[in-house]
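Dear colleague,

Please find the structure below, handed over for your reading. My notes on what was found in it follow directly after.

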Amino acid sequence: MTKTAERLPAAAALAPPAPPEGGGRGRRVAADQVRAYGFLLGGLACFALFSWYPAIRAVVIAFQRYTPGSAPEWVGTANFRRVLHDPEFGAAWRNTLTFTALALLLGFAVPFVLALVLNELRHAKAFFRVVVYLPVMIPPVVSALLWKWFYDPGAGLANETLRALHLSTSNWSNGTDTALISLVIVATWANLGGTVLIYLAALQSIPGELYEAAELDGANLLQRIRHVTIPQTRFVILMLMLLQIIATMQVFTEPFVITGGGPESATVTVLYLIYKYAFLYNDFGGACALSVMLLALLGAFSAVYLRLTRTEGDA
């Protein structure tokens, strides 16, 4: 024990002096910040390359006569004037706005009601959550192809079911009067799960004491929904409505896969018309001009969304 005790001071004298505690901690914090900014710069670089650059490039091409393989030529607002005089321009915007209104009506009411039902379940709640979310996990093109078969006026499941019930059949996606609402049903079904889960999370965050107080005051189910549920979830409802408007105004997969914009341009949307200008007409200037118009409108909705988000956060 004596020899060991004698060797300890000597070993301590030979050891290098320990760095100051504050300096070592500062270097670790600086290294962590460098790594964090490195990861952030990588993400910003990808975002700039695949999001900002194409958007800026589209704005530039909107004022050019652009054909791949040839030098671009500045034409000012000629692309916008040509697009505005396109007979399909009005139909595309009318179909897009109608689709958005119908999708908002169904996409707000149906998920909210389903979330209310799921929130009241006492058994197999997890199973029904998976069932409701399942359509979101199906690739959009696969989902659209399934619904295309479902809507087939001959041997499609929809008309076969109507025949089995001795009801009159429908043209569904092949009829000028029914094609757009048929696509709205597809889009609502495909995006139902995510909206339901968000509403369900909002419902479960409502304090139970509010419902108990409403029941003590004699409120029935509808009154509890009106005076407790909706006021407590109004911010989530408003945000989802705005996000749904932005999403549905960019509808493309359903008209492209199921109807091809038909019949008689009944399902041509703005995004589908952009596709036609770019890849069928080889008119990238016109396609970008349409894109800028859509970008301006969606930018306005995004500004409203950010404004409401900031207001709620400040509150």
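In this predicted model, Lys125, Arg129, Val132, Tyr133 and Val136 of helix H5 are in contact with Gly193, Gly194, Val196, Leu197, Leu200 and Gln204 of helix H9, contact meaning heavy atoms within 4.5 Å. The residues of this contact comprise 6 nonpolar, 3 polar and 2 charged ones; Ala, Val, Leu, Ile, Met, Phe, Trp, Tyr, Cys and Pro count as nonpolar, Asp, Glu, Lys and Arg as charged, and the others, Gly among them, as polar. H5 spans residues 125–137 and H9 residues 192–204, and the two pack at an angle of about 140 degrees with their axes 7 Å apart. Axes are lines fitted to C-alpha atoms, for helices over the stretch in contact, and angles run from 0 to 180 degrees between N-to-C directions. Helices are DSSP runs (H or I, at least four residues), numbered from the N terminus.

As to the basis of these values, residues are numbered from 1 along each chain as its sequence is written, and side-chain values use heavy atoms, with hydrogens and water left out. Local features need pLDDT of at least 70 and side-chain atom pairs count only at pLDDT 80 or more, while totals for chains, interfaces and linings use all residues.

The structure holds 5 salt bridges, each defined as a side-chain nitrogen of Lys or Arg within 4 Å of a carboxyl oxygen of Asp or Glu. Three of them are described here.

- Arg82 and Asp283 form a salt bridge at 2.6 Å, N to O. This pair links distant parts of the chain, 201 residues apart: Arg82 is in helix H3 (residues 78–84), and Asp283 is in the loop between helix H14 (270–280) and helix H15 (284–314). Asp283 is buried, with a relative accessible area of 17%, whereas Arg82 is partly exposed at 36%. Buried means under 20% relative accessible area, exposed over 50%, and partly exposed in between (1.4 Å probe, protein chains only).
- Arg163 and Glu160 form a salt bridge at 3.1 Å, N to O. Both residues lie in helix H7 (residues 157–164), and they are separated by about one helical turn because they are 3 residues apart. Arg163 is partly exposed at 35%, as is Glu160 at 38%.
- Arg65 and Glu73 form a salt bridge at 3.0 Å, N to O. Arg65 is partly exposed, with a relative accessible area of 48%, and Glu73 is partly exposed at 43%.
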